[in-house]
Amino acid sequence: MTHTRRWYFNRRPAKDIEADTLLLREEALPPAGAGQLLLRTIYLSMDATNRLWLGDWDLYMEPVRPGEAMKGFALCEVIESHNAAFPAGSLVAGLVPWSDYSLSDGSGLSLVPRIAGLKLAEAFGVLAIAGPTALVGLMEIGRPKAGDTVVVTAAAGAVGMLVGQIARIHGCRTIGIAGGPDKCRMLTESFGYDHAIDYKRDDVVARLRELAPDGVDVHFENVGGDMLDAGLTVMKNFGAVVICGLISTYNSAAGDRIPGPYMFRNLIMRRLRVEGFVILDYLDRYPQYQAQLAGWMLEGRLNYRLDITEGLENAVDALKMLYTGANNGKVLVRIGPES
Ligand code: NDP
């Protein structure tokens, strides 16, 4: 019998995650049965969407219900296997409970190969969610051409820092929008953005007009609200608006009326193509995306930053950083040692 700590969804928050939203409990784990795996969690990915799963909106997948274990995307080691598809000692990734150990029948899990030259945290942090999201959102939804001007919001975050660099690899001019001078410095010094706009200080529309006087070809939205309106205001005719995320709205309840976008009229005036996507719809092409991204990482063409919190007990604080902007890069929680 193994014991594990596990986070449970206790009470739906009114807005921001509260002290009693999630509770950590210690519990016994029964032995792995026929077809089952015993998993040890190594890294837990913190994703903005984790907060959405605690709300009462209609979503793109099943939410977590009060009383259930909180779940998240994680990298785990198989420490006992009764399932030939996932031998003991192998690394797997998938949706598992926020816990030290868990049992799984293998559904939804995929084997994770070690990539020579990349640390496990780098490979998981970039290739599991943020990298494929940036690649699919920009190249398959935004579809920029060389010479296009691409604008990215939450540009210093996990997805945003990669979108700008992928756009540059494809010959685009890039403008990143982020909060504060430190993040804006990172945009131009570390993540290859041509220009940075600090939305906490600058007049975003005025700066966009200055930096892109002929308009913007592709706007990659991670935030929503005022940022999306600023983007819609300065689009070029026939431009593309990629709706990747709307993090500024995720703390609201289903009954709340979320304002805007006020510049919706520009979908007609500028003949815009606006398209949302969910990366889960692209899982069958993951090997291809991951090979492309890993290649750029190994060639030193893709810079990235991880923000690693230690310990399962600190997972909720790590998640909250995404909502205050306290994170510097992709947020992971290290639950246990790599080997
Ligand atoms: P980030 O690492 O970008 O962290 C979130 C950032 O968002 C914060 O650092 C902060 O940056 C900014 N932010 C948070 N709240 C606000 C606010 N109210 N107003 C303005 N900025 C805010 O997270 P991810 O890269 O993991 O996620 C970015 C987006 O991508 C999210 O919207 C997420 O839902 C979406 N996503 C979508 C996927 C899909 O399949 N469509 C898959 C994965 C992610 P700053 O300090 O600059 O304000």
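A polar contact here is a pair of N or O atoms within 3.5 Å; within protein, one must be able to donate a hydrogen and the other to accept it, and sequence neighbours count only if both atoms are side-chain atoms. Keep in mind that this is a predicted model, with local features needing pLDDT of at least 70, side-chain atom pairs counting only at pLDDT 80 or more, and totals for chains, interfaces and linings using all residues. Residues are numbered from 1 along each chain as its sequence is written, and side-chain values use heavy atoms, leaving out hydrogens and water.

Let's start with the ligand. There are 27 residues around the ligand, and Lys183, Tyr199, Asn222, Ile279 and Asn327 come nearest (a residue counts if one of its heavy atoms lies within 4 Å).

| Residue | Atom in the residue | Distance to a ligand oxygen |
|---|---|---|
| Ala158 | polar backbone atom | 2.8 Å |
| Tyr199 | polar side-chain atom | 2.5 Å |
| Asn327 | side-chain N or O atom | 2.5 Å |

Now the domains. The protein splits into domain 1 (3–112 + 305–334) and domain 2 (131–281), with bounds from an automatic or database domain assignment. Their contact (heavy atoms within 4.5 Å) takes 18 residues from domain 1 and 16 residues from domain 2.

About 1,500 Å² is buried between the two domains, with carbon and sulfur atoms giving 61%; that's the accessible area (1.4 Å probe) lost on putting both parts together, summed over both. Trp57, Arg305 and Tyr323 supply 34% of what domain 1 buries against domain 2, more than any other three residues. Between domain 1 and domain 2, six residue pairs are in polar contact (both at pLDDT 80 or more).
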